[in-house]
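The sequence and structure are shown first.

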Amino acid sequence: MKKGDTLLLVGTLKGAFLLQSNASRRTWKRLGPFFKGQAVYAMAYDQRGGRKRLFAGPESAHWGPLLSYSDDLGRNWSKPKDATVRFPKATGAALKRIWQIAPARADQPDLLYCGVEPAALFESRDAGESWALVKGLWNHPHRPRWEPGGGGLCLHTVIPDPTQARRLFVAISTGGVYRSDDRGKSWRTAHKGVRAQYLPDKHPEFGQCVHKIAAHAARPGRLYLQNHWGLYRSDDAGESWRDVANGVPSDFGFAVATHPHDPDTAYIVPIESDQFRCTPGGRLRVYRTRDAGASWRPLTRGLPQKNALETVLRDALTTDSHARPGVYFGTRSGKLYGSPDAGTNWRLLADGLPAVVCVKAAVVGSAAGA
Amino acid sequence: MTTLLLPGHLGEIVGGRGRVELAGSPATVGEALAALVARHPGLRDRIQDEQGRLRQHVQIFVGRDSIRYTGGLATPLPPGAQIHVLPAVSGG
């Protein structure tokens, strides 16, 4: 791998894969499966501090989850004797699944976060060697009343704020969006305006089933949110949200991803409904906004437009950080699609994979991780 | 002597052997597992969660009998017991 190459991290229900390409992203070399037979919901590539460290959270249905890392692109993986992400005895809780591995900012090179099920946040200050429960969130008075969604009670998204070193966002299904401005010591809700369609009280204090949030480095405070019904944008770091489901076939969906350079551009894959969690009308379409959600247009070139009843899950849509960014997504039916030109043209990069639950992209040598 | 028989993945953790013999005479399955993980610490988190509970999809047999029906970890061990630690058909 050399500077400017592209790396795709693909987690599936039966193992993890890597796809490598150069900057043109025309052809891809596939490596894997790693962790054969294990579900890999979380992957990350950490290029800070001179590292080239690949993280994965494989989970054996029999032998449990175990956070692991590789410094040689998957040839060798760490095999800690004891699980490094583990709940303290006093909590009474046990780790079920690792949902998210998130390196912090480039100027905090040894800091990482990990979101897990049951919903909790862990922090590592030594580049992933050891982890500790973030007690500020665990002790939040709302936590005992968070409820599991279809995917379990998971803290599935962690976003270290790109501009404020002490600010951190997490999203929980179902709990909502929580924000800390003191590096995890205290937390408050950040989902005002997000509806809970499925509850008698449509605007509860918490309990929103937020499926995914995505932030933008170039515009502090801007976030997009795909809810369990509802598509939103915030321009004030989650203080308020406005509905931006303008021109989409459904505002139900799981995934949302931002353009790496243009804060007005974002991508979603609408799903028909909570009762039929497939692409509407059998058409596989990514929708892109270029005006911060004022309008959305379908991207179809190279994507099947009939008999494609697909599902794209919450962490299975992403972008890379090339000047003309690539956009990638995986489906529950084991297909992986990629666009080298910001979503205009698409190609099937892999088929016949196990169900895809996680797709991350990195440009080698870039400050941005995956 | 009590013998523990471990399938592939667990066998790798104990150095490629699928068979571990305990010198003492543990009275229960729980005591035998405690002796096993004391000797091979890497097994602990694979068999139990961090609260010490047996993982949901791990099956343990004493001879041919699942400990689910014989008292769980408190199941008494006869002299010369063979304990199988197996992946349950419910997982995977």
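## Strand pairing in chain A

In this predicted model, strand 1 of chain A is connected to strand 2 of chain A by a hairpin of 2 residues. Strand 1 (residues 6–12) and strand 2 run antiparallel and are joined by 7 bridges. Within this pairing, A:Val10 stands opposite A:Phe17 of strand 2.

Strand 2 of chain A also pairs with strand 3 (residues 29–34) of chain A; these two run antiparallel, with 4 bridges between them. Here A:Leu18 stands opposite A:Leu31 of strand 3. Of the 7 residues of strand 2 (residues 15–21), 5 are buried, so this strand is largely enclosed by the rest of the structure.

## Fold of chain B

Chain B contains 3 helices and 5 strands, arranged along the sequence in the pattern β-α-β-α-α-β-β-β. Its radius of gyration is 12 Å, close to the 12 Å given by the globule rule for 92 residues, so chain B is as compact as a globular protein of that length.

Taken along the principal axes, the C-alpha atoms of chain B fill a box of roughly 30 × 30 × 25 Å. Buried residues make up 25% of the 92 residues of chain B. Among the contacts in chain B with a separation of 6 or more, 56% are between residues 24 or more positions apart.

## Contact between the chains

Chain B contributes 17 residues to the contact, and chain A contributes 14 residues. On the side of chain B that touches chain A, helix 3 (residues 44–47) of chain B supplies the largest share, 3 residues. By class, this side of chain B has 7 charged, 6 polar and 4 nonpolar residues.

## Backbone features in chain A

Most residues other than glycine have a negative phi, and most peptide bonds are trans. A cis peptide bond links A:Glu117 to A:Pro118, with omega about 0 degrees; A:Pro118 lies in the loop between strand 9 (112–117) and strand 10 (120–124). The bond from A:Ser173 to A:Thr174 is also cis, with omega near -10 degrees, and A:Thr174 lies in the loop between strand 13 (168–173) and strand 14 (176–180).

A:Ala127, in the loop between strand 10 and strand 11 (132–133), has a positive phi near 65 degrees. This residue has 18 C-beta neighbours inside 10 Å and therefore counts as partly exposed. A:Trp229 has a positive phi of about 75 degrees and lies in the loop between strand 17 (223–227) and strand 18 (231–234). With 19 other C-beta atoms within 10 Å, A:Trp229 is partly exposed.

Terms used: Residues numbered from 1 in each chain as written. Chains lettered and ligands numbered in written order. Predicted model: local features only at pLDDT ≥ 70, side-chain atom pairs only at ≥ 80, totals over all residues. Rg over C-alpha atoms; globule rule 2.2 N^0.38 Å. Buried ≥ 20, exposed ≤ 12 C-beta atoms within 10 Å, placed from the backbone. Contact = placed C-beta atoms within 7 Å. Nonpolar A, V, L, I, M, F, W, Y, C, P; charged D, E, K, R; others polar. Pairing = 2+ DSSP bridges.
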